[in-house]
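Open the model in your viewer and show the side chains.

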Amino acid sequence: MTSTLERKCLEILGEAVNRTVGTGFVHAAVAKAAESLSSGDREKAGKAFKLLSGKETRKVQSRALEDAELLRDHGEFADPMGDSEANPAFAQIRHASRKLGNV
């Protein structure tokens, strides 16, 4: 995953945490990880996120997905998979696959 994409994903997650469970240590950990992108900060954010209850986790995940879809649909953030170039070695598989289509 590219650093730009990873940063944007963490920003979306941080915003979702803020909107669903509020600002606190989980939001702070995710925001710090988005800013620094260091492996230590990402690890701390993951541990903090795991401290949320199951209900809170589902709410945050749902909100993050909705926010990401809105950003993609309104052109504020390009589809991350659209930026990656297809591997020519798998052209035959893509051609034969109905799910993948002709990429």
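How many residues apart in helix H1 are Glu-11 and Lys-8? Select helix H1, residues 3–20, in this predicted model. Glu-11 and Lys-8 sit three residues apart there, so about one helical turn separates them. Now show both side chains. They form a salt bridge, with the closest N and O atoms 4.0 Å apart. Check the surroundings of each partner. Glu-11 is partly exposed, at 40% relative accessibility. Lys-8 is also partly exposed, with a relative accessible area of 23%.

Stay in helix H1 and select Arg-19 and Glu-15. Their side chains meet in a salt bridge, 2.9 Å from N to O. These two residues are four apart in the helix, which again means about one helical turn between them. Arg-19 has a relative accessible area of 49% and counts as partly exposed. Glu-15 is partly exposed too, at 33%.

Move on to helix H3, residues 39–50. Pick Lys-47 and Glu-43. Are they buried or exposed? Both Lys-47 and Glu-43 are exposed. Their side chains meet in a salt bridge at 3.9 Å, N to O. Lys-47 and Glu-43 lie four residues apart in helix H3, so they too are separated by about one helical turn.

Why look for such pairs? Side chains of opposite charge can pair when their charged atoms come close. The model has five salt bridges by the count used here. Among them are Glu-11 with Lys-8, Arg-19 with Glu-15, and Lys-47 with Glu-43.

Technical notes
Residues numbered from 1 in each chain as written. Predicted model: local features only at pLDDT ≥ 70, side-chain atom pairs only at ≥ 80, totals over all residues. Heavy atoms only, no water. Buried < 20%, exposed > 50% of the residue type's maximum accessible area, 1.4 Å probe, protein only.
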